[in-house]
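Please look over the chain below before reading on.

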Amino acid sequence: MPKKLKNEKCAGRYFTWRVYRRPNGVYYADGRITNSRQPDLGRHSLGTDDYDEAMRSLGKLDLAMAVKHGRADRSALTKMQAKSLPLAD
């Protein structure tokens, strides 16, 4: 079985991210990819050591940064937050 990449490039809906895992097991997203079309988005913790959960968090981060940099409408962010909120008893 081939060894997993240390730095995986993931294309979000709006930006390209480099996803990597720190020695403590937590996934991080790096948006500092040198590209004339993409602003410097910085590095962000995805807050989990589970790969699938990290990819879901990356989608949320991608949308949040798109709203911040004017590539997406703020209403898309509120729709996503409304979907992810658990129902109250």
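What follows is a short report on this model, section by section.

## Basis of the model

This is a predicted model, in which local features need pLDDT of at least 70, side-chain atom pairs count only at pLDDT 80 or more, and totals for chains, interfaces and linings use all residues. Residues are numbered from 1 along each chain as its sequence is written, and side-chain values use heavy atoms, with hydrogens and water left out.

## Overall layout

The protein chain holds two helices and four strands. Read from the N terminus, the order is β-β-β-β-α-α. Helices (H or I, at least four residues) and strands (E, at least two) are DSSP runs, numbered from the N terminus.

The protein chain has 89 residues, and 31% of them count as buried. Buried means under 20% relative accessible area, exposed means over 50%, and partly exposed lies in between (1.4 Å probe, protein chains only).

## Helix α1

Helix α1 covers residues 51-68, which is 18 residues. At 1.5 Å a residue it should span 26 Å, and its end C-alpha atoms are 25 Å apart, which agrees. The expected span is 1.5 Å times one less than the number of residues. After α1 comes glycine 70, with a positive phi near 80°.

Which residues of α1 are buried? They are Ala54, Leu58, Leu61, Asp62, Leu63, Met65, Ala66 and Val67. An α-helix has 3.6 residues a turn, so residues three or four places apart point the same way.

## Positions on α1 and what lies across from them

Arginine 56 sits in helix α1. Its relative accessible area is 53%, so arginine 56 is exposed. Its C-alpha atom is 9.1 Å from that of leucine 46, 10 residues apart along the chain.

Lysine 60 also belongs to helix α1. It is partly exposed, at 42% relative accessible area. Lysine 60 and glycine 12 are 48 residues apart in sequence, yet 9.6 Å apart in space, C-alpha to C-alpha. Alanine 64 is another residue of helix α1. With 31% relative accessibility, alanine 64 counts as partly exposed. Alanine 64 and leucine 77 lie 6.7 Å apart, C-alpha to C-alpha, and 13 residues apart in sequence.

Histidine 44 is in strand β4. Its relative accessible area is 24%, so histidine 44 is partly exposed. Leucine 61 is one of the buried residues of α1.

## Salt bridges

How many salt bridges does a search of the whole structure find? It finds two. A salt bridge is a side-chain nitrogen of Lys or Arg within 4 Å of a carboxyl oxygen of Asp or Glu.

Arginine 18 pairs with aspartate 30, with the closest N and O atoms 2.6 Å apart. This pair links distant parts of the chain: arginine 18 is in strand β2 (residues 16-21) and aspartate 30 is in strand β3 (residues 27-30), 12 residues apart. Arginine 18 is partly exposed, at 26% relative accessible area. Aspartate 30 has 3% relative accessibility, so it counts as buried. Aspartate 30 also forms a salt bridge with arginine 32, at 3.0 Å, N to O. Shared partners join Arg18, Asp30 and Arg32 into one network. Arginine 32 counts as partly exposed, at 42% relative accessibility.

## A negative patch

Asp49, Asp50, Asp52 and Glu53 form a patch of negative charge on the surface. Aspartate 49 lies in the loop between β4 (43-45) and α1. Patches are made of residues with over 30% relative accessible area and no salt bridge, and like charges are joined within 9 Å. Asp and Glu count as negative, and the place of a charge is taken as CG of Asp or CD of Glu.

Key
Patches are made of residues with over 30% relative accessible area and no salt bridge: like charges are joined within 9 Å, nonpolar side chains (Val, Leu, Ile, Met, Phe, Trp, Tyr) within 5 Å. Accessible areas come from the Shrake-Rupley method with a 1.4 Å probe; for residues, only the protein chains shown count as cover.
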